[in-house]
Amino acid sequence: MNFVSTRGNVSKIGFIDTVLMGLANDGGLLVPEKIPHIPAEKLEAMSNLTYQELAYEIFSYYVDGEIPDNELKALIEKSYATFRHPEVTPVHKVKDNMYVLELFHGPTFAFKDIALQFLGNLYSYVSKNTGETIHILGATSGDTGASAIEGVRGKEGIRICILHPHGKVSKVQELQMTTVDDKSVLNLAIKGTFDDGQRIIKELFADVEFKNKYHLRAINSINFVRILAQTVYYFYAYFQVQKEKGINSVNFSVPTGNFGDIFAGYLAKKMGLPVGKLIVATNENNILEGFIQNGVYKPGKFRTTYSPSMDIQVASNFERYLYYLLDENPNAVSDLMETFKTEGEIVVNEELLKQVQKDFAAHGVEGAECLQTISKYYAETSYLLDPHTACGVAAYETFNDPREVCVTLATAHPAKFNESIERCDIDQTFPEEINQLFEKPQYLEVVEADKDEITRKLEKLFSYSVQ
């Protein structure tokens, strides 16, 4: 298994090198040179596996022997031993033909734990085997930061810095990140948006000299391992629903801001999973809806919403989809991304738009619709949706034929977004792990969304441990 850059100037590197490179050195994103296809008979054999066994089977296609089998299995077991549910990602039937895939049973009550518990352990494994200190840098719209810190805190040879938009994440998300008292963890609250943080992260990773000097590694979904780990729960959900319903195809509705979670579903489908519709659920920051409906990818005015983890205008993983949309032509991808950089938009022709609309449907959910969906499902089914999952359910209602089976990805526990739940006049009980956060002191620095200022902070954190 080799990996290549969407922009064509990094090619034929292995799995471990892909993990460590994160963002490709040419500024593109790393993808498999050839996506493995799992035949129907193999899928049938995989359908009765535990979540951990299934993860091993899927990861093995991409790891391709670079990690010995017993060590890969041990990494997987260690990663998912931290989850509160024995199935890791259980499927919950809400009503006939409508399911939610609960992805919030990990340590920080968010779907990011599924990938970041594994990636944290993988980084620790690599650090121990190479003797190299690993410095992790990431930006978060809320959930990635807490999950990343939880995934690597206390692991020898790893230090981490997370940027989050000051005042634009939920209180619980902020506390989960900033109550960690650890000299290897730096929380920077930037005066700006997630997009500002993501832009700075990409600029720092594009500086190959700086990246190599400080052994800089990516925790955001620009790292392919994030995508790979998330494909597993599409397979798992399909198998659980297929056993119950006896159907051959399942639709998925996916709340998304950075296009990572929905791209994982696209990857699973290309691997041979019988996925029907892939429904993209966004909020008022609906650049993805605009592209899927009109073929125009252009950031609009940033909006603060009830679903802050999706308050993103520029979706990092969109470039991975463009690569496949453009028949894996890196020159065409490079040209489009350069156009986006200089002109601020991407426009595709009618033929490509038809393909986009075969691949995805999309619905941008306004705030009132989000809250109405939470209230409706709580009243009718007693099931409490967090605001991001509510966007997914609203998109499901818009695009899913009632005769078709659909799984909506439940990306976070509602306790993480009580500000939105309270607006629905719903009182919820917080898990004790979240209750305890409100009693802890916070550790963070508020900084300008300025690359030079952030670079100085990073050098102070990283310099004393450079190998």
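**Exercise 1. Find which residues Lys112 touches, not counting residues up to four places away in sequence, and describe its setting.**

Step 1. Lys112 touches Asp143, Thr144, Ser147 and Arg226, with residues up to four places away in sequence left out. Contact means heavy atoms within 4.5 Å.

Step 2. The model is a predicted one, in which local features need pLDDT of at least 70 and side-chain atom pairs count only at pLDDT 80 or more, while totals for chains, interfaces and linings use all residues. Residues are numbered from 1 along each chain as its sequence is written, and side-chain values use heavy atoms, with hydrogens and water left out.

Step 3. Lys112 lies in helix α5 (residues 112-130). Helices (H or I, at least four residues) and strands (E, at least two) are DSSP runs, numbered from the N terminus.

Step 4. Lys112 has a relative accessible area of 10%, so this residue is buried. Buried means under 20% relative accessible area, exposed over 50%, and partly exposed in between (1.4 Å probe, protein chains only).

Step 5. An unreviewed UniProt entry carries the annotation "modified residue: N6-(pyridoxal phosphate)lysine" for Lys112. UniProt positions are given in the numbering used here, feature names are shortened, and annotations may be inferred rather than shown by experiment.

**Exercise 2. Give the strand order of the open sheet of five strands and say what packs on this sheet.**

Step 1. The order is β8-β5-β6-β7-β15, with parallel pairing. Two strands pair if DSSP finds at least two bridges between them.

Step 2. β8 (216-218) and β15 (445-448) are the edge strands, each pairing on one side only.

Step 3. On average, neighbouring strands of this sheet are turned by 30° against each other, direction ignored. Axes are lines fitted to C-alpha atoms, for helices over the stretch in contact, and angles run from 0 to 180 degrees between N-to-C directions.

Step 4. Strand β7 (residues 185-191) runs parallel to β15 and is joined to β15 by four bridges. Lys191 has Glu448 in β15 as its bridge partner.

Step 5. Helix α8 (residues 194-206) packs on the sheet and touches β5 (134-139), β6 (158-165), β7 and β8. The direction of α8 makes about 145° with that of β5.

**Exercise 3. Classify the ring pairs Phe3 with Phe15 and Tyr323 with Tyr324.**

Step 1. The structure holds 28 aromatic pairs. Rings of Phe, Tyr and Trp (its six-membered ring) pair if their centres lie within 6.5 Å; planes under 30 degrees apart count as stacked, over 60 as edge-to-face and the rest as tilted.

Step 2. The centres of the Phe3 and Phe15 rings are 6.4 Å apart and the planes are at 55°, so this pair is tilted. Phe3 is in strand β1 (residues 3-5) and Phe15, twelve residues away, in helix α1 (residues 15-21). Both Phe3 and Phe15 are buried.

Step 3. Tyr323 and Tyr324 are 5.1 Å apart centre to centre with 80° between the planes, an edge-to-face pair. Tyr323 has a relative accessible area of 6% and is buried; Tyr324, at 8%, also counts as buried.
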